[in-house]
Amino acid sequence: VSTQSTGFLFHHAPDDSIFWAITVYSPQREVQKQVGKDKEKLFQVALDYCKEGVHPFLANIIEKTDSETVTRIREFSDREPVPFDVKNSRAFHSKCGRITLIGDAAHPMVPFRGQGGNNALQDTWILSQEMKKLHSLPKIETKHIINAFSMYEKEMTARTKKEVLSSREAIYTMHTDNVFEIFFRNNLFRFLSLKDNVYDNRMIVRWTINAVVICVIAVSYTHLRAHETP
């Protein structure tokens, strides 16, 4: 569930309890500075966010939560994608050359597309395949290991760059303040979440109207920007 600047996650656990989390786009760490480690303050902040357009049913779930069960603030951050140094044929440099990185150590990304674990598994597979090639050598030397790491890092940096940046872009999509973007995002999610992809006539009409509205808004916005005084 997403509103302006805030995202809400609800999960029905096997023990019949409900796990919930609130995500807030906070580049300056305003929430962390506001509540520190105080659970009561953290819970009150959560209640305040519930006033920003959340459905009453979902807000009621949060309001009935025992504040003692509220855990903590967890920061999500990423890092600029590491470039592959073509001159030295490496992405990560060390004196011995026998060190490389995989997973979050190599390419931390925010979890709004769920690609962190997927890419860590791909890292493991690619690296293992490069190392497997060394078994056919009569003697494994440092230069062979460095070459295997180089081949892995070249593939990994190209693959994960777009994932890091796309995950970062998803932060803005999930927490945008732009009403037009919110309108488009929410309707897109409703469309994608249709069970069994069943579309009835009413849904088709609704989406046709929404598409027209979005086009009119986009054209109007472009027209206004074109006539703005420099």
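These legends go with several views of one predicted model.

View 1. Along the sequence the pattern is β-β-β-α-α-α-α-α-α-α; helices (H or I, at least four residues) and strands (E, at least two) are DSSP runs, numbered from the N terminus. Of the 230 residues, 30% are buried, that is, under 20% relative accessible area with a 1.4 Å probe, protein chains only.

View 2. Look for I22, T23, V24, R74 and F76, which are the closest to its centre among 42 lining residues. A pocket is an open set of points on a 1 Å grid over the protein atoms alone, with protein on both sides within 12 Å along at least five of seven lines; lining residues have an atom within 4 Å of a point. β3 gives the largest share of this lining, seven residues. The lining divides into 26 nonpolar, 10 polar and six charged residues.

**View 3. The largest cavity holds about 30 Å³ of space.** In a cavity, a 1.4 Å probe fits but cannot get out. Here the lining is P81, V82, A106, H107, M156, T157, T160 and V164, with five nonpolar, three polar and no charged residues. Ala, Val, Leu, Ile, Met, Phe, Trp, Tyr, Cys and Pro count as nonpolar, Asp, Glu, Lys and Arg as charged, and the others, Gly among them, as polar.

**Notes.** Residues are numbered from 1 along each chain as its sequence is written. Local features need pLDDT of at least 70, side-chain atom pairs count only at pLDDT 80 or more, and totals for chains, interfaces and linings use all residues, while side-chain values use heavy atoms, leaving out hydrogens and water.

Note on methods: Buried < 20%, exposed > 50% of the residue type's maximum accessible area, 1.4 Å probe, protein only. Points joined across faces, edges and corners; volume = space filled by probe spheres on them.
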